[in-house]
Amino acid sequence: MRKFQDKTLLIATHNKGKLEEIEDLLAPYGVAVVSAGALALAEPKETESSFVGNARIKAHAACKATGLPALADDSGITVDGLNGAPGVYTADWAETPNGRDFDLAMQRTWDALETANAPFPRLAQFRCTFVLAWPDGHDEVFEGVMPGQVVWPKRGNQGHGYDPIFQPDGYDITFGEMDRWQKNKISHRADAFRKLITGCFT
């Protein structure tokens, strides 16, 4: 496994919330962080059918554009009663002609579970795959999972995306009801991040 020895890491995201979360997690390691959004990099087309495939596209595109090592993630929710959907299409389920509407995506998820007559508890997992890539083409992959279940009606207005309908294992509240810093400590992204730190930063 390759250790990270550079001073600056490019985070291949245009998502401010995601950037803040990663910045916070990296703070103890003295790494300067810059985002693809701040550098106005184009967002590459995500054409793969797996989280790792899409994270690789984003990480390597950012490396190529800047000459900096880059960290990208692809994440989403997989629902057992929907054969793992929406999966890599998690954000696509929220697409409308006027932008993303996650209330619509959550309703669509629940309606699909009802149509499928999926048994309770309606098990689901938030998944995150990090790819850390270097300009020479090398990369390292780290996968994180947060198991839980889909609940209805929606609860809470914290977080983003599908958080108000996802109740993580071991908790009686949804991600949408959880303080964001508490959620950031236990999330699928935190799980992947711990593996990344162990593998490349310690």
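Leaving aside its neighbours within four places in sequence, which residues is Thr78 in contact with? Contact here means heavy atoms within 4.5 Å. By that rule, Thr78 touches Phe51, Gly84, Ala85, Gly87, Ala124, Gln125 and Arg127.

The model is a predicted one: local features need pLDDT of at least 70, side-chain atom pairs count only at pLDDT 80 or more, and totals for chains, interfaces and linings use all residues. Residues are numbered from 1 along each chain as its sequence is written, and side-chain values use heavy atoms, with hydrogens and water left out.

Thr78 lies in strand 3 (residues 70-79). Helices (H or I, at least four residues) and strands (E, at least two) are DSSP runs, numbered from the N terminus. Thr78 counts as buried, because its relative accessibility is 9%. Buried means under 20% relative accessible area, exposed over 50%, and partly exposed in between (1.4 Å probe, protein chains only). The side chain of Thr78 makes a polar contact of 2.7 Å with that of Gln125. Another, of 2.9 Å, joins the side chains of Thr78 and Arg127. A polar contact is a pair of N or O atoms within 3.5 Å; within protein, one must be able to donate a hydrogen and the other to accept it, and residues adjacent in sequence count only if both atoms are side-chain atoms.

Phe51, a contact of Thr78, is among the buried residues of helix 2. Helix 2 (residues 51-66) has 16 residues and should span 22 Å at 1.5 Å a residue. The expected span is 1.5 Å times one less than the number of residues. The end C-alpha atoms of helix 2 are 23 Å apart, which agrees. Gly67 follows helix 2, and its phi is positive, near 75°.

Helix 1 (residues 16-26) has the buried residues Lys18, Leu19, Glu21, Ile22 and Leu26. They cover an arc of only 165° around the axis, so they sit on the same side of helix 1. The arc is that of the directions from the helix axis to the C-beta atoms. Among the elements that cover these residues are strand 2 (32-35), helix 4 and helix 5. At the start of helix 1, a side-chain oxygen of Asn15 comes within 2.9 Å of the backbone nitrogen of Lys18.

The count of salt bridges comes to 14. A salt bridge is a side-chain nitrogen of Lys or Arg within 4 Å of a carboxyl oxygen of Asp or Glu. One of them pairs Asp136 with Arg2, the closest N and O atoms being 2.9 Å apart. Asp136 lies in the loop between strand 6 and strand 7 (139-150) and Arg2 in the segment before strand 1, so the pair ties together parts that are 134 residues apart in sequence. Asp136 is exposed, at 55% relative accessibility, whereas Arg2 is partly exposed, at 28%.

Another salt bridge joins Arg155 and Glu177, with the closest N and O atoms 3.1 Å apart. Arg155 is partly exposed at 26%, and Glu177 is partly exposed at 34%. In helix 5 (residues 188-201), Lys195 and Asp191 are four residues apart, or about one helical turn. Their side chains meet in a salt bridge (3.5 Å, N to O). Asp191 is buried at 18%, whereas Lys195 is partly exposed at 38%. Lys16, Glu20 and Arg180 are linked in a network of salt bridges.
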